[in-house]
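Biologist: I am new to this structure. Please take me through one part of it closely, and then show me where that part sits in the whole.

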Amino acid sequence: MSNYSEKPTIIFDMDGTLLDLAYDDFIWNHQLPLRYAATHGCTLEQSTQALFQFYQEHNHTLNWYSTRFWSSKVAVDTLALQQEFKHNVALRAGCLELLDYLKSNGYSCWIATNADCEGLKFKLEQTQIAHYFDVIISSESIGYAKEYPEFWQQLHALHPFQINQAYFIDDTEKVLNGAEKFGLQHLITIAQPSSKGQIRSESPYPILNHLTDFIAILEQAEDLKKYA
Ligand SMILES: [Mg+2]
């Protein structure tokens, strides 16, 4: 019989994993270019080009994930912009079903997100899922983005967990690479982070087509333990 302490910690990314990335895509790739063009009196094409260049410069850094950084960089209040469209924030299909399963089966669930503290608070207010999680952490408070093994070292120092047992699910390959460098072994990615985006069929990591497919993975691992 397994007990709580033997169950692996399940660490989830937020945007694109638990939450539909279509919202972030809509804000950053559709609404922000419109606002930027209006603010700076340029065409949508010029605005899109300028933002794309900024995005290229800062992708995978803490700046990239900072609402405050973007607000000052582009002179548009990006948190207010997100709040304006708050009703578009949505959970991915099967999210609550999976979290209910994990909770009722004694798994400790965590969120490790690159969303900054303000963005994280905003998304949790909209989705009301915070009560499922024992640890909720933003890379902003750690000081390193999840792409860096240092993020994981600091997280582990603050909140110890069984590195070789834990599962980490994230829709970004570079983030999974960082976790792998740190030593996490059970890494899983997401087939369709945005409900309006493409479906990924190739990855170095196992791919979840549906969030609830994770239940079968865990049950199989539990069965193997029983007979080990
Ligand atoms: Mg993500």
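**Helix packing**

Helix 2 (residues 44-58) and helix 3 (residues 67-74) pack at an angle of about 140°, and their axes lie 12 Å apart. Axes here are lines fitted to C-alpha atoms, for helices over the stretch in contact, and angles run from 0 to 180 degrees between N-to-C directions. Helix 2 is therefore oblique to helix 3. Angles under 35 degrees count as roughly parallel, over 145 as roughly antiparallel, 65 to 115 as roughly perpendicular and the rest as oblique. Helices (H or I, at least four residues) and strands (E, at least two) are DSSP runs, numbered from the N terminus.

Helix 2 crosses helix 3 in a right-handed way. A crossing is right-handed if the near helix is turned clockwise from the far one by less than a right angle, and left-handed if anticlockwise. On helix 2, the contact uses Leu51, Phe54, Tyr55, Glu57 and His58. Helix 3 brings Phe69, Trp70, Lys73 and Val74. Contact means heavy atoms within 4.5 Å. Six of these residues are nonpolar, one is polar and two are charged. Ala, Val, Leu, Ile, Met, Phe, Trp, Tyr, Cys and Pro count as nonpolar, Asp, Glu, Lys and Arg as charged, and the others, Gly among them, as polar.

This is a predicted model: local features need pLDDT of at least 70, side-chain atom pairs count only at pLDDT 80 or more, and totals for chains, interfaces and linings use all residues. Residues are numbered from 1 along each chain as its sequence is written, and side-chain values use heavy atoms, with hydrogens and water left out.

Helix 2 also packs with helix 1 (residues 22-40), at an angle of about 120° and with the axes 8 Å apart. So helix 1 is oblique to helix 2. Their crossing is right-handed. Trp28, Asn29, Leu32, Pro33, Leu34, Tyr36 and Ala37 of helix 1 meet Leu44, Ser47, Thr48, Ala50, Leu51, Phe54 and Tyr55 of helix 2. This contact has 11 nonpolar residues, three polar and no charged. Leu51, Phe54 and Tyr55 of helix 2 touch helix 1 and also take part in the contact with helix 3.

Now the whole. The protein has 10 helices and six strands. Its C-alpha atoms fill a box of roughly 65 × 35 × 30 Å, taken along the principal axes. Buried residues (under 20% relative accessible area, with exposed over 50% and partly exposed in between; 1.4 Å probe, protein chains only) make up 47% of the 228 residues.
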